[in-house]
Every structure is written in structure tokens, then in C-alpha cells.
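Here's a quick walk through how two chains come together and what sits inside them. Have the model open as you read.

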Protein chains: 2
Amino acid sequence: MTFKRATASEDALLRIFTLPEAPDSTLSVIEQNLSQNLMGFLKDSIVAIEKPLSDIERDFQQYQIPEMPQFVSDYTDDIMKNLVAHSVHTSSPSFIGHMTSALPYFVLPLSKMMVGLNQNLVKIETSKAFTPLERQVLGMMHHLVYQQNDHFYQSWMHNANDALGAFCSGGTVANITALWTARNQLLKADGDYKGIAAQGLMKGLRHYGFDDLAILVSKRGHYSLGKTADLLGIGRDNIIQVPVDNNNKVDVNTMRTIAHKLELNNIKVMAIVGVAGTTETGNIDPLNELANLAEELKCHFHVDAAWGGASLLSNKYRHLLNGIERADSVTIDAHKQLYVPMGAGMVLFKDPTFANAIKHHAEYILRQGSKDLGSQTLEGSRPGMAMLVHACLQIIGRDGYEILINNSLEKARYFAALIKQQADFELISEPELCLLTYRYVPKKVQLAIEKARHAHDLNTLTTINQLLDGLTQLMQKQQREQGTSFVSRTRIQAEPLLDTPSVVFRVVLANPLTTNDILKDVLAEQINIAAQDTQFLPKLLMLAASDC
Amino acid sequence: MTFKRATASEDALLRIFTLPEAPDSTLSVIEQNLSQNLMGFLKDSIVAIEKPLSDIERDFQQYQIPEMPQFVSDYTDDIMKNLVAHSVHTSSPSFIGHMTSALPYFVLPLSKMMVGLNQNLVKIETSKAFTPLERQVLGMMHHLVYQQNDHFYQSWMHNANDALGAFCSGGTVANITALWTARNQLLKADGDYKGIAAQGLMKGLRHYGFDDLAILVSKRGHYSLGKTADLLGIGRDNIIQVPVDNNNKVDVNTMRTIAHKLELNNIKVMAIVGVAGTTETGNIDPLNELANLAEELKCHFHVDAAWGGASLLSNKYRHLLNGIERADSVTIDAHKQLYVPMGAGMVLFKDPTFANAIKHHAEYILRQGSKDLGSQTLEGSRPGMAMLVHACLQIIGRDGYEILINNSLEKARYFAALIKQQADFELISEPELCLLTYRYVPKKVQLAIEKARHAHDLNTLTTINQLLDGLTQLMQKQQREQGTSFVSRTRIQAEPLLDTPSVVFRVVLANPLTTNDILKDVLAEQINIAAQDTQFLPKLLMLAASDC
């Protein structure tokens with residue numbers, strides 16, 4: 001593609017740092033449109049039918065930074081056509097496959113303000129009031145989890161040396177921060193030994209006499225935990241995946257048995273992780289039982305509530321996370337069900353002195369005694385995203401979240417009931433939060449499975465399951481490409497799947513704009529797609545027929 | 001503070017997800033103001049004279065999430081007064097203390113568009129065209145550093161299994177990603193040994209027969225490297241800080257000697273790091289010599305060009321970074337001198353297969369063979385910040401950056417000359433990029449230092465230096481509080497400081513709006529502040545007088 005190119009001059013450059021786009025320019029008009037009607041803008045700008053990725057890539061082939069400047073309006077035309085048109089309408093009410101949702105409109109102008117202010121939260125010299133604001137947000141979220149008293153927050157919230165938590169770009173960095181801190185607390189300085197932060201993992205293990213470290217978590221734990229184990233030098237093999245019960249909740253007794261076996265082999269259980277909202281099914285581990293086990297093992301107890309943490313804002317459903325207040329650290333993402341734009345996660349520490357184990361200083365910032373937030377974060381320079389969390393908490397209020405959270409959970413229960421009413425669908429996981437999984441299995445095939453199961457006919461079961469996997473994958477892809485609605489898919493092992501790893505549809509019902517009618521349409525569309533399949537369905541039906 | 005509170009209702013909540021603020025509302029009016037005149041908005045909204053932090057904190061004391069919703073306009077009034085008014089005017093032309101700068105205006109509406117699109121770059125299902133766009137940005141930056149041929153980028157840029165780099169929230173995550181990958185490549189799978197990612201650091205060291213790992217870097221290296229060593233389990237003590245020459249460049253011969261000594265002790269040098277733009281002085285290590293050393297040692301060569309990388313866009317000054325193209329990995333921050341808002345860093349890999357050492361998968365995303373960017377990033381869910389880098393590269397163009405970078409470097413040379421003309425200032429580090437350090441030392445005190453130095457009078461030298469440290473700190477703080485201009489400070493050890501760690505002013509001249517007159521005013525203001533000091537200056541002058 002070729003564009004009109006501007007000429008670089010000092011004056012022209014200074015203008016882009018001082019003057020705004022003319023109000024009738026392409027970018028200004030688009031921005032006004034965006035302000036006045038975000039949902040309309042997205043609906044009109046994003047094309048429904050998916051363009052093949054290889055075609056999209058053709059528009060992003062140039063690898064040389066262009067020599068000459070480009071007019072803003074030309075650039076805007078270009079990205080409206082090549083980028084925006086082929087983006088994903090993540091806030092569409094029928095996009096129910098992932099954890100992105102519609103956003104409250106006020107986050108748009110506030111984001112622009114945040115960008116315009118361009119604060120850097122690593123240090124107070126480049127953020128000033130944003131630093132106490134971020135500490136307040138961490139304080140509010142800490143209180144949501146731990147509900148300490150007035151004196152506690154008076155003492156700790158704005159304390160220079162300690163931290164109620166760390167604001168992060170997302171839940172992965174939050175999980176890493178929690179387990180990094182836990183590792184460093186475990187192998188901390190002791191006599192002549194200066195601690196793992198200074199001397200490294202090997203000397204730490206040697207000093208404390210451990211052969212290795214392990215982290216125990218349900219097999220439904222988020223993939224970021226494996227990444228964390230790799231990063232921290234613990235190794236993915238030492239993230240021990242514990243089986244779950246029929247409700248996708250970790251089996252605490254098995255975890256206990258594994259933990260004792262590890263400790264007998266001189267492998268120290270560094271932490272156990274409770275999942276409060278598994279990414280795939282939305283189930284919550286028995287947090288109180290895990291807290292008991294952590295006490296028995298004298299190990300760190302982390303709760304990954306990246307998804308489920310928002311449910312603490314519902315008085316009606318808060319009880320689902322009972323025991324979370326006993327966790328040493330908790331991850332909560334604001335860019336999930338707090339309805340904040342992408343890029344806002346948090347880790348909270350029960351004990352405000354806990355993060356001292358990862359404290360670091362420099363000469364030009366983060367000096368001893370400063371209130372610079374960067375001395376206890378994994379990231380360095382960071383934007384003022386905490387402002388958007390602050391805005392949502394204040395403007396929506398707990399009462400507002402009560403309605404949003406309850407509606408989403410109840411919508412998931414409605415959808416589960418709907419699926420169960422359909423002869424040709426199987427609900428795989430009941431929703432505990434607003435997530436559920438299911439698959440399309442024609443009634444006749446269900447009967448064939450039943451029969452094969454009774455006859456212990458493993459061959460038939462395997463064949464059927466492979467075909468169903470293919471069908472589910474095909475249906476998910478085709479539905480996405482049609483552009484009306486989107487569900488995601490995953491592969492899980494669960495009791496209704498006869499414990500065979502199988503592909504299932506995965507649905508997240510967080511978008512407040514998703515209606516019951518949309519849910520009905522999603523299933524109707526899937527039935528249509530399946531009916532047209534010539535690759536898997538005929539074979540499945542043939543198998544089922546020959547089987548009768 | 002008390003506010004009018006709204007009542008939570010389902011209808012009201014749905015409205016905030018669908019309807020925009022009325023055009024004449026507080027927030028809309030502010031947003032229009034922001035669009036029409038960002039610099040005016042910042043100047044008018046941010047109060048000049050600093051409010052004590054403890055007073056600001058009083059406005060962020062509430063630790064309970066409010067029960068009732070709040071009207072957007074009330075919230076806006078509130079944060080304009082409590083947050084925006086006490087933010088830091090990071091884009092002010094006289095804010096020359098840190099690496100934040102004025103932003104080109106078009107990033108504001110584009111940021112809003114990015115937030116409205118709310119793409120999640122971890123996976124293509126929630127980002128589609130943003131994924132090829134991010135790969136293109138990484139390709140362009142890779143080409144800027146490594147200048148490979150057409151065939152190279154055709155083969156690799158959009159390749160599903162490999163990566164030319166990783167987009168990160170900032171330079172710290174970029175540095176961590178580079179060294180994490182280097183560690184994993186070093187201790188990779190080998191025969192029955194499954195590699196460090198799976199089996200952890202201890203088994204990795206044992207398998208390869210190393211007693212420990214070390215990373216060598218100049219003592220001017222960024223503090224994030226210490227944090228990286230801690231996180232990766234290597235330990236801060238194993239980041240070996242190598243002395244620098246009089247130009248703040250690492251002494252490669254000393255580094256070589258240290259490296260050989262380490263290897264004799266069976267400590268494997270995992271990586272050497274070149275600094276291309278030290279944070280404190282802006283100097284660039286001899287990258288070609290470091291590349292030679294890395295070849296000798298058969299170790300990873302990382303270049304931290306978080307700051308200086310942007311200078312590759314200047315044909316005039318690109319040669320300052322000669323040798324960077326021999327690095328195995330390079331960190332560049334876009335939110336520094338590429339003039340992109342906070343939250344945009346990158347690491348680039350010379351070898352596109354390099355990041356396979358940190359590859360990870362999950363069942364519901366990042367599946368084998370997918371083009372999901374998240375399989376080779378430290379972070380998980382991430383916003384589409386790459387779009388803003390893309391916009392700046394296209395709209396400003398290489399020609400535009402040539403002017404911006406050259407002007408900033410030449411402005412630094414002008415300021416250095418100005419400082420040298422002043423009798424009462426000492427230039428501590430000559431600018432190589434657009435950073436420099438200096439301090440205020442009355443001529444008489446300079447003479448006294450000279451005299452004491454010749455007489456080897458260490459006592460007097462120490463006393464003078466302590467007083468100068470106090471004076472510099474006081475001046476820096478007072479200038480910041482007065483709110484007209486801002487320089488930062490650091491403590492460095494350098495030849496003009498007789499190798500005594502001393503406090504100095506630190507200046508970064510990246511803002512295109514900073515004029516020569518502003519620089520004169522900064523010095524004039526400092527002279528004024530010093531003249532009014534009653535704590536350090538009288539003592540210094542007395543010492544200097546008694547000494548004559």
C-alpha cells in the first residue's frame with residue numbers, strides 16, 4: 001500500500017507535540033463517534049465475517065520503519081481499514097468465549113486523561129497523587145479480601161516501608177510476584193547466610209537443607225503457575241498438579257498425601273495454591289481446607305482469584321470464596337470482572353511486611369524510606385491504571401457490583417438450565433461462578449456412548465470421542481468465523497466425559513449486555529452449524545445407528 | 001469528604017455500559033478541553049506549588065469500597081481536585097529530571113480507541129489484527145537493530161512457532177525476559193535431562209556441572225538487573241558489577257579478568273550485559289568489545305538499550321551504538337524516546353528461535369501451532385499498546401525521529417556547554433546521549449577542593465563533600481517543590497567527584513518543547529535557591545575561606 005507522505009520538519013514535529021488534530025479531521029471525527037456511541041462505533045467499524053489471518057498479515061508485512069512521516073488522517077484511514085475492521089468485538093453481548101467484556105463508558109475519557117497525564121508509578125517524583133491513589137486501591141481490595149480494622153489500614157495503607165499488595169499489568173505478574181515473595185520468605189537470610197535474593201536458589205536450598213522446592217495446585221490451575229515455576233528456577237515439574245473432584249475442585253486429601261510424600265523425600269512444599277475461579281470451569285477450591293493444610297505444612301497459601309475475586313463484591317455470593325481471608329497472598333484481576341480495561345491486575349498480601357523479601361533500591365529512585373511504589377514491584381515504569389480501578393470502584397460502588405456479579409452468575413445458571421433442556425447438548429461443568437462448559441452430542445450418540453460404556457467397549461468410546469472432539473473444534477471455529485457469536489473451547493478431563501480429555505465449549509457470562517435471547521441464539525446457531533457438517537456428524541450418526 | 005451518591009439499579013448500570021456521558025457533563029467538557037489543548041489542560045489543572053504528601057494522602061484514606069454508586073460528574077470533580085491537581089506535569093518543557101516527556105497529541109485519541117477496542121494480545125481470539133500488528137512492530141524494531149534482509153523477515157515475522165521479540169509492559173520485563181531466556185538456553189534439555197524449565201535451576205547446574213551462574217554488567221547497569229537475578233534464582237550477588245572508565249563506560253578488560261576468574265572457580269558466566277544509555281549518565285558501553293568478549297566466553301550478550309535504543313533512528317548518531325547488532329537480545333523502551341505513553345517496552349531476539357526456551361502452552365489458548373503471542377511472553381493478558389508504537393513509527397517516520405533525536409542530543413551538548421560556562425557549577429558527566437549530570441559548587445569551594453586534594457587532606461574533602469551532598473539534595477527538593485522546573489538527583493562515583501560517591505543533579509533532555517531559554521532559567525533558579533540556603537552554603541563558604 002502507498003500513502004501520501006508528509007515531510008519531516010522541526011516545525012511540523014513541534015506541532016504534533018503542541019497542537020491537536022483539527023476538529024473536522026478524520027481522527028477527530030472518529031473520536032467523537034467513539035465518545036458518542038462506543039457500541040455503535042464497534043459494531044460499524046468491525047467487520048462481522050472473519051478475514052483469513054494470512055490476508056490480514058499481508059497488511060502488516062512491511063518490516064522497515066518508513067522514512068517519511070505520514071499524515072495522521074491517512075494513518076487513521078489505514079488502521080480503520082486494516083486494524084480496527086479486523087479486530088475482535090470483545091464487548092459484543094454475543095462474544096461469550098473469553099473474559100473480556102463491555103466496558104463502562106466513563107473509562108474511555110478517563111483513560112485518555114490517564115494517558116495525557118502520562119504518570120510513571122514507579123516513583124513518586126513522576127506520579128505524586130497517583131501513588132497514594134494506588135495505595136488506596138490496594139487498601140480497598142485488601143479490605144475486600146481481609147477485612148482488617150480501621151487501625152490496620154491507618155497504620156499500613158500509606159506506610160513507606162511496607163505494602164498491602166502490588167499493582168501489576170495482569171494476573172500473571174501478580175501470581176509471579178506472590179510466589180517470588182513466598183520463595184524469598186522461605187529461603188530468607190539466616191545468620192551468615194544472606195538469603196536467596198542475594199545468594200541465589202542453590203545456596204538457599206543448601207543452607208536450609210532442602211533437596212528441592214514444590215508448589216501444589218489443582219490440575220485446573222492457571223498456566224501462569226507453570227511459567228512462574230520456570231521463571232523462579234523451581235521448574236515446571238515441581239508444580240505438582242493435584243486431581244480434582246467431580247466439581248473441578250482440588251482434592252485436598254490427595255494434596256495432603258502428595259505433600260507428605262514430598263516432605264519425606266526432603267522436597268519442601270514452598271506453597272499451595274487455591275484456585276478461586278478456575279479459568280476453564282470457574283470452580284472454586286475448598287479454601288478453608290487448603291488454609292488448614294497450609295497451616296499443617298507451615299507453607300505459604302496463595303489464592304489465585306484472578307477471575308473469582310470480583311465475586312467478593314457480592315454479598316449474596318461472597319460465601320463461595322470463604323477461606324480466602326486466610327490466604328497469605330491473593331491475586332485479583334481488575335480487567336476481568338471489575339470491568340476495567342486490559343492491563344490491571346493486583347496481588348494482595350495479608351501481612352504488609354511480607355513483600356520486604358523482594359525489596360530493592362537504586363540511587364536515583366526507590367531510595368530507602370521513599371514512598372516509591374517501585375521498590376516492591378516486579379515491573380519498573382508503569383502507567384496509572386490504578387486510577388481506572390479507583391473510578392470503577394467509586395462510580396459503580398459495591399451496590400452496583402452486587403447487581404453485576406449476581407446477574408452474571410444467575411445468567412450462567414440460566415444458560416446451564418437451557419443446555420440441559422436441549423436433547424442434543426451435554427452440560428459438562430455446572431457453573432459456580434459465571435463460567436460453564438458443554439458440548440454438542442446428538443441424543444443418539446449419547447445413547448451409543450451409554451451403551452458402549454456398559455459394554456466396556458473402549459474402542460467405540462475412543463472413536464466417538466475423537467469424532468466429537470473434531471466436531472466441537474469445527475463448530476467453534478465456524479461459529480467464530482461467522483462473526484455473530486463467539487464461544488471458546490478447551491480440552492478437559494471430567495467425569496461427564498468419562499475422564500477422557502475431551503474438547504468442550506467454554507462460556508464466560510460476564511458481559512452485562514448479554515441477554516437470555518442471545519444465549520438461545522448461540523445454541524440455535526450451533527445446532528445449525530452441526531447440521532451442516534459433513535465431516536464428523538455423518539460418521540457419528542452412522543456409528544450410533546450401527547450400534548443400536 | 002462526602003458526595004452525592006447515586007442508587008444502584010439494573011437500568012442505571014446497563015446505561016453506563018451503553019450510553020455515553022452527556023456532551024455538556026463535567027467529564028465530557030473536560031475531555032473536550034483535553035482534546036483541544038492538552039498542554040493548556042495540564043498547565044491549568046495541575047497546581048504548580050507542591051502540596052505535602054501527607055496532605056495528599058488524606059484524600060486517599062478511605063479503605064472501604066463505597067457501598068453506593070457515585071455520579072460520574074461528582075467523581076470527576078473529585079479527582080480533578082484531589083488527583084489531577086496534584087499529579088506531576090511530566091510533559092512540561094521544564095520537567096527535565098526523568099525520562100517522561102511531552103507526547104504527540106495523536107496518541108490520545110488513539111489510546112482511547114485502543115481502550116475502547118479492549119483487545120487482549122495474549123491470544124489471537126481476542127486480538128486478531130492486533131496480533132499481526134504487534135509482530136510487525138517487533139519486526140520493524142528488529143530490523144532497526146539487526147537489519148536482516150527481506151527473506152529473513154518474510155520467513156520469521158509472522159511465523160507461528162518463533163518470535164523476533166516480545167512486547168512487554170516495560171524495560172524491566174524486557175530485561176527479565178531476555179535473561180530468563182538466556183538462562184534457559186544455557187541449561188537446556190540434553191539427553192535424559194529435560195532442561196531447567198522443567199527441572200529447575202539446581203538440577204540444571206548439577207547436570208552441566210556448574211557451581212553457580214553469574215551475569216556481568218557495568219556498575220552503571222539498571223537496577224532491574226539485580227531484580228532479575230533475584231527472580232531467576234541466580235541471586236543479586238551473582239550480578240557482578242564491573243568498574244567503569246572516566247566516561248562511565250564499562251571497563252571490558254576488567255570484565256574479562258573477572259569472567260576468567262569466575263570460570264576458573266567453575267561459575268559459569270551466563271550473560272554479559274552492555275548498557276546502551278546508562279540511566280544515570282546516558283553513556284554507552286563499547287558494544288563491539290563486549291560482543292568480542294561474549295564470543296570468547298561463549299555466553300549470551302544482552303544489550304539494555306531501554307533508553308538509548310531510540311537513537312538508532314538517527315542516521316547521524318546511530319554509530320554511537322555500533323555493535324548492538326551483535327547482541328543476542330536487546331531491550332528498547334517505546335515509552336521513553338519513541339514518545340509513546342507509559343507501558344510499552346520490547347525485547348528483541350537476534351535468533352527468532354531463541355525464545356523457544358521459554359515457550360509454554362495451555363489447553364484453552366496458546367495451543368501448539370497457534371499464532372497466540374502469549375506463548376512466548378512473561379506476561380499473560382496484555383493490552384494493544386503496540387498500536388501506539390505502530391502509530392508513532394508511521395506518523396513521525398524515521399525522518400521525524402532523526403530530527404527529534406538529534407535535537408535532544410544537541411540540546412544536551414548545549415546545556416553541558418552552558419554549565420561549563422558558569423563559574424559555580426561543575427559538569428560531572430558529559431552527555432553522550434541526551435543525559436548529563438552536574439552539581440552546584442561555588443567557585444571558592446572548587447578551589448578549596450583543589451587545594452585539599454593536592455594536600456591529600458582527606459578530612460576536609462570528606463567534610464566538603466558531605467556538605468555539597470546536603471546542598472544538592474536540598475536544592476533538588478526545593479526546586480521540585482517550587483513547581484517551575486524539575487531536575488532529578490542521583491548518587492554516583494565518578495572521576496570529577498574524586499571517585500567519592502556524591503549526590504549530583506541529573507538531567508534528561510528528551511522533551512522536544514524544552515528550549516535553550518528554559519535551560520538557562522533552570523540554572524538561574526538553582527543559583528537563587530542556593531543563595532538562600534542557610535544550612536549548607538554558609539558552612540561551605542566558611543570552610544573555603546578558612547582554607548585560603
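What follows looks at the interface and then at the nonpolar cores.

Keep in mind that this is a predicted model. Start with the contact between the chains: chain A puts in 179 residues and chain B 178. Together they bury about 15500 Å², with 64% of that on carbon and sulfur atoms.

Here are the interface numbers side by side.

| Interface of chain B and chain A | Value |
|---|---|
| Buried area | about 15500 Å² |
| Salt bridges | 16 salt bridges |
| Polar contacts | 76 residue pairs |

For chain B's side of this contact, helix α15(B) is the top contributor, giving 14 residues. That side of chain B splits into 88 nonpolar, 55 polar and 35 charged residues.

Now for the inside. In soluble globular proteins, nonpolar side chains tend to be buried together. Which residues touch the most other members of the largest nonpolar core here? They are Phe106 and Tyr438 of chain A plus Phe106 and Tyr438 of chain B, in a core of 299 residues. Helix α15 of chain B (residues 386-421) supplies the largest share of this core, 19 residues. Apart from this core lies another one, of 71 residues, including A:Leu231, B:Ala166, B:Ile234 and B:Ile239.

Zoom in on A:Phe106 and you'll find partners from both chains. Leaving out residues up to four places away in sequence, A:Phe106 touches A:Ala391, A:Cys392, A:Ile395 and A:Ile396, along with B:Ile16, B:Leu27 and B:Val72.

Methods. Residues numbered from 1 in each chain as written. Chains lettered and ligands numbered in written order. Predicted model: local features only at pLDDT ≥ 70, side-chain atom pairs only at ≥ 80, totals over all residues. Heavy atoms only, no water. Core = buried A, V, L, I, M, F, W, Y, C linked by side-chain atoms within 4.5 Å. Buried < 20%, exposed > 50% of the residue type's maximum accessible area, 1.4 Å probe, protein only. Helix = DSSP H or I, 4+ residues; strand = E, 2+ residues; numbered from the N terminus. Contact = heavy atoms within 4.5 Å. Buried area = accessible area lost by both parts, 1.4 Å probe. Salt bridge = Lys/Arg side-chain N within 4 Å of Asp/Glu carboxyl O. Polar contact = N/O pair within 3.5 Å; in protein donor to acceptor, adjacent residues only side chain to side chain. Nonpolar A, V, L, I, M, F, W, Y, C, P; charged D, E, K, R; others polar.
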